[in-house]
Amino acid sequence: MVRKTKEETLETYASLLDAAEQVFSQKGVTNTTLNDVAIAAGMTRGAIYWHFKDKNALLQAMCDRAFLPMEALLNEILETPDKDPIVALKQLDIHFLQIVSGDQRQRRVFDIIFHRCEKNPDLPFFENEKRQRIECMAKIQAIIQSAVDQGKLHPDTDTWIAMQANHAFLVGIVYEWLEDTSAYCMIAHAESMVDMFLAGLFARPPLKKAKPVASS
């Protein structure tokens with residue numbers, strides 16, 4: 001048996017992820033079998049099991065590959081403490097909207113997650129996705145907190161609520177846009193939509209509620 005080179009192994013791995021994207025997008029995650037993915041990739045099921053334990057692991061790897069550019073940008077911003085946090089948040093938000101709308105892979109993967117993947121909290125993928133989402137949102141909250149510390153946002157800004165609003169704003173836009181990508185050009189309008197959200201954050205930031213004074 002001829003042993004595959006590292007390059008050939010990586011090429012096979014990438015081809016399987018490409019095939020998974022195509023089949024998940026066409027049939028949905030629940031209705032897709034590993035055999036479907038193998039056929040689409042022109043390989044055997046043995047090739048899949050060599051790289052992935054099961055469909056859950058394949059789905060996780062597919063998402064990890066798609067999310068890597070955003071994670072890299074977020075970590076780069078956090079490692080640059082002198083960067084204006086508001087500029088950083090704007091950059092992140094615009095990049096997210098533009099990469100989803102402009103990159104076919106990103107668009108397909110988010111469409112799979114939002115519209116073609118039956119949510120099952122018992123599956124390991126959704127536990128991992130929840131953990132990764134919480135970690136990412138904590139980093140965003142740290143950026144907003146930095147804006148408060150630098151006096152760029154109201155000192156009593158509730159950074160947790162602001163982070164949640166930012167997350168819901170972006171996810172809501174992408175979710176709805178993927179329902180009808182012909183509705184408008186998201187790449188063209190991403191910056192103006194993000195500016196609108198940030199203007200609201202400046203003008204009416206969510207404030208921490210004062211704790212009620214205990215009666216004597």
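Reply: The model is a predicted one. A search of the whole structure finds twelve salt bridges, and the account below takes up several of them in turn.

The setting comes first. The protein chain contains nine helices and zero strands, so that, under the DSSP-based assignment, its pattern along the sequence reads α-α-α-α-α-α-α-α-α. Its C-alpha trace spans about 75 × 45 × 35 Å along the principal axes. Of its 216 residues, 37% count as buried. The chain exposes about 12800 Å², of which carbon and sulfur atoms supply 55%. Among contacts between residues at least 6 apart in sequence, 71% join residues at least 24 apart.

The part of interest is a network of salt bridges that links Asp 18, Glu 21, Arg 65, Arg 105 and Arg 108. Two of the pairs in question involve Arg 105. In one, Asp 18 forms a salt bridge with Arg 105, and the closest N and O atoms are 2.9 Å apart. This pair links distant parts of the chain, since Asp 18 belongs to helix 1 (residues 6–27) and Arg 105 to helix 6 (residues 104–115), 87 residues apart. In the other, the side chains of Glu 21 and Arg 105 meet at 3.2 Å, N to O. Glu 21 lies in helix 1 and Arg 105 in helix 6, so this pair ties together parts that are 84 residues apart in sequence.

Asp 18, at 32%, is partly exposed. Arg 105 is likewise partly exposed, with a relative accessible area of 31%.

The side chains of Arg 131 and Glu 135 meet in a salt bridge at 3.5 Å, N to O. Both residues lie in helix 7 (residues 124–149), four residues apart, about one turn of the helix. An α-helix has 3.6 residues a turn, so residues three or four places apart point the same way. Arg 131 is partly exposed, with a relative accessible area of 41%, and Glu 135 is partly exposed as well, at 42%.

Helix 4 (residues 55–78) deserves attention for its geometry. Helix 4 has 24 residues and reaches 33 Å from its first C-alpha to its last, close to the 34 Å expected at 1.5 Å a residue. At the N-terminal end, helix 4 is capped by Asp 54, a side-chain oxygen of which lies 3.2 Å from the backbone nitrogen of Asn 56.

Another aspartate, Asp 36, is placed in helix 2 (residues 34–41). A polar atom of the Asp 36 side chain lies 2.9 Å from the backbone nitrogen of Thr 33. Leaving aside residues up to four places away in sequence, Asp 36 touches Val 23, Lys 27 and Asn 31.

To return to the request, the network includes Asp 18, Glu 21 and Arg 105, and the Glu 21 and Arg 105 pair ties helix 1 to helix 6. The Arg 131 and Glu 135 pair, in turn, stays within helix 7.

Methods:
Residues are numbered from 1 along each chain as its sequence is written. This is a predicted model: local features need pLDDT of at least 70, side-chain atom pairs count only at pLDDT 80 or more; totals for chains, interfaces and linings use all residues. Side-chain values use heavy atoms; hydrogens and water are left out. A salt bridge is a side-chain nitrogen of Lys or Arg within 4 Å of a carboxyl oxygen of Asp or Glu. Helices (H or I, at least four residues) and strands (E, at least two) are DSSP runs, numbered from the N terminus. Buried means under 20% relative accessible area, exposed over 50%, partly exposed in between (1.4 Å probe, protein chains only). The expected span of a helix is 1.5 Å times one less than its number of residues. A polar contact is a pair of N or O atoms within 3.5 Å; within protein, one must be able to donate a hydrogen and the other to accept it, and residues adjacent in sequence count only if both atoms are side-chain atoms. Contact means heavy atoms within 4.5 Å. Accessible areas come from the Shrake-Rupley method with a 1.4 Å probe; for residues, only the protein chains shown count as cover.
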